[in-house]
Amino acid sequence: MVVDEAALLTGLRQRDPAALSAIFEQNADRIYRLAVGLLHDEQQADGVVQNTFLSLITHAETFEGRSSIATWLYRVAHNECLGRMRGNQRIAEMAVDDEPDDGFMPSCLVDWDAVPETSNSHEASEEMARAINSLKPELRIVFLIRDVEELSTDETAQALGISVGAVRVRLHRARLALREKLASYFAEWAER
């Protein structure tokens, strides 16, 4: 389905309920998943969705359209989550040059091709969710938006207000950390 974002934005600015409904239908579930992934609280995630769409309604006139509506909504939702996570404290953005080089190197790598298809069980899904939830918030948000929600690197950078380089660095670190966390879980299958 091709979405004419300009028409949706025009409709939203004219307070057309159909435009808001279409934007909500296209984005609400993704925003909710992002909020649950960051906050680990379904009730707070509902609040993030509500506040995100309230911001869309109240700030539609100021949206310049330099990014997609979805990217803008991710940015608003991300900021709302960070505000809730940090008790509405002021959040300092880290530049890519400020990324700490923690020297992380995986200690145990598993040949993922050796893991049988039966590992895609409910238990494996829960283990993956635990591993994602254990990531540092700045790595988890990039992983969720880029790899789970499948936004492009550029869209992820726009949504989070960070550079493309920072997205790449954080995504790489998130993937390495997940690989490390999941390696011991899947090691028994890889050895067979």
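Analyst: The model is predicted, and the labels are taken up in turn below.

User: Why is the pair of Phe 63 and Trp 72 called edge-to-face?

Analyst: The structure holds two aromatic pairs. In the one formed by Phe 63 and Trp 72, the ring centres are 5.6 Å apart and the planes stand at 65 degrees. Rings pair if their centres lie within 6.5 Å, and planes over 60 degrees apart count as edge-to-face. The pair is therefore edge-to-face. Both residues, Phe 63 and Trp 72, are buried.

User: What makes Arg 140 a residue without a salt bridge?

Analyst: The nearest side chain of opposite charge is Glu 138, 8.2 Å away. A salt bridge requires a distance within 4 Å, so Arg 140, although buried, has none. Arg 140 belongs to helix H6 (residues 137-148).

User: What does the side chain of Arg 140 reach, and at what distance?

Analyst: The side chain of Arg 140 reaches the backbone oxygen of Asn 133 at 3.0 Å. The cut-off for a polar contact is 3.5 Å, so this pair counts as one. Beyond its neighbours within four places in sequence, Arg 140 is in contact with residues including Gly 37, His 40 and Met 85.

User: How do you know that the buried residues of H1 are on the same side?

Analyst: In H1 (residues 5-13), the buried residues are Leu 8, Leu 9, Gly 11 and Leu 12. They cover an arc of only 160 degrees around the axis, which puts them on the same side of H1. These buried residues pack against helices H2 (17-39), H3 (42-58) and H4 (69-85).

Terms used. Residues are numbered from 1 along each chain as its sequence is written. This is a predicted model: local features need pLDDT of at least 70, side-chain atom pairs count only at pLDDT 80 or more; totals for chains, interfaces and linings use all residues. Side-chain values use heavy atoms; hydrogens and water are left out. Helices (H or I, at least four residues) and strands (E, at least two) are DSSP runs, numbered from the N terminus. Buried means under 20% relative accessible area, exposed over 50%, partly exposed in between (1.4 Å probe, protein chains only). Lys and Arg count as positive and Asp and Glu as negative; His and the chain ends are not counted. A polar contact is a pair of N or O atoms within 3.5 Å; within protein, one must be able to donate a hydrogen and the other to accept it, and residues adjacent in sequence count only if both atoms are side-chain atoms. Contact means heavy atoms within 4.5 Å. Rings of Phe, Tyr and Trp (its six-membered ring) pair if their centres lie within 6.5 Å; planes under 30 degrees apart count as stacked, over 60 as edge-to-face and the rest as tilted. The arc is that of the directions from the helix axis to the C-beta atoms.
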